[in-house]
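Hello,

Here is the structure for you to look through. Please open it first, then read my notes below.

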Amino acid sequence: MAQLSDRMRELVQPHLRSLEPYDPNFTPTRVNLSANENTYGVLPAVRAAMDEALAATPTNRYPDPMSNDLRDALAAWHGVARENVIVGNGGDELLYNLVLAFGGPGRTLVNVPPCFSEYAFFAGLAQTRVVDVWRDPGTLLPDADALVAAAREASLVVLTSPNNPTGDVVPAELVRRVCEACPGLVLVDEAYGEFAEAGTSAEPLLAEHDNLLVLHTLSKAFALAGARCGYVIAAPDVIDALAAVRQIYSVNVLTQAAALVAVECRGEFSPVVDQIRSERTRLFEALARIEGVRVWPSEGNFVLVRVPAASRVRERLRDEYSILVRDFSYAPGLAGCLRITVGTPEENGAVIDALAALVADELSADEGAAHD
Ligand code: PMP
């Protein structure tokens, strides 16, 4: 990954000197299971309705800044008022706006790594101190008491449920304890919430805790990663503060139109989500049977595995099988780990077979080396 040039390091704000431009490491492959997208795509009937809505959308006028039609549809779906909802250019924009509004010098964001790296990245951009409450190195589950203790000193706490990349959901009781302890705001990132067991969302707690925010995205279950649309549900004054810092036209007219159709047709996505959940079980069980592989249970549309020689296995998957998965083996707490998105039955079959062959190969190479 490229670093900033010496000239740029002189010119950028001092706290940004060590920044490296983001490289998602995308290589065109036959099977891409690297970014937790919905690899089934939008169903043809829904896509046709979207195309019709897009065709009827003029692009010469600026968008409605607050996406009010979409906001109303989201509010009706979640049983809240328009004032409780804000829409963003992907969940990412809302996470950035969160630290812009509520972080900054002298403020602290608590997160629970290994987790989505953008929280710490955005916090750094906004000069917010990050406090890490590390997960158990074996189970990869949070330390509830340490988290509650850290929350007492935090301006912001970010919990992820299901967590990317470990796959676990945060129990409602822990969210409640964190909301009670934290003098600031608590965001529960439910980007993968639709794939989790019903009844695990933190949303029912919104009624009791006005410092709770719940983040959702249309990028995953609703197959709109390319359109960039996420939303937050929270108390009206929290939404107003997020609205105050946002770029006014960040959600373009085409995205608003496509997202509205997705929300109106949300029931159509249920069979696909159900299939991804059952494929997740199949993938988990097949990977768990491969000697030398550890796999963690997941409530998201991905599974985390630990394999021998992970970086080489990931490269060989790409170069010999044209299958792309995400390498986390360099990340603290995730030595030897790869994250595999749950895809279609064919895609999952391909990655299971390829991994079984590569891991067996690595293990026998290891044994050979031991005998040398
Ligand atoms: N939260 C988590 C945990 C994620 O993994 C992602 C995307 N990978 C996002 C939020 C942001 O998604 P988007 O910007 O596509 O809405």
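**Around the ligand**

Start with helix H4, residues 90–102: it gives three residues to the shell around the ligand, the largest share. Keep in mind that this is a predicted model.

The shell holds 14 residues in total. Gly 91, Asp 189, Thr 217, Ser 219 and Arg 228 are the closest. Sorted by class, six residues of the shell are polar, four are charged and four are nonpolar.

Asp 189 has a side-chain N or O atom 2.5 Å from a nitrogen atom of the ligand. Thr 217 places a polar side-chain atom 2.5 Å from a ligand oxygen atom. For Lys 220, a polar side-chain atom is 3.1 Å from a ligand nitrogen atom. How much of the ligand does the protein bury? Alone, the ligand exposes 400 Å², and the protein buries 92% of that.

**A pair of strands**

Now go to strand S3, residues 108–111. Thr 108 and Val 110 point one way, while Leu 109 and Asn 111 point the other way. All four of these residues are buried. In a regular strand, side chains alternate between the two faces of the sheet. S3 pairs with strand S4, residues 129–132, in the parallel sense, over four bridges. Val 110 has Val 131 of S4 as its bridge partner.

**Confidence**

Mean pLDDT for the protein is 96, and 98% of its residues reach 70 or more. Among the elements, strand S6 (residues 185–189) has the highest mean, 99. Helix H12 (residues 345–371) has the lowest, 91.

Best wishes

Notes
Residues numbered from 1 in each chain as written. Predicted model: local features only at pLDDT ≥ 70, side-chain atom pairs only at ≥ 80, totals over all residues. Heavy atoms only, no water. Near = heavy atom within 4 Å. Polar contact = N/O pair within 3.5 Å; in protein donor to acceptor, adjacent residues only side chain to side chain. Areas by Shrake-Rupley, 256 points an atom, 1.4 Å probe, with all protein chains shown as cover. Helix = DSSP H or I, 4+ residues; strand = E, 2+ residues; numbered from the N terminus. Nonpolar A, V, L, I, M, F, W, Y, C, P; charged D, E, K, R; others polar. pLDDT = per-residue confidence, 0-100. Buried < 20%, exposed > 50% of the residue type's maximum accessible area, 1.4 Å probe, protein only. Pairing = 2+ DSSP bridges.
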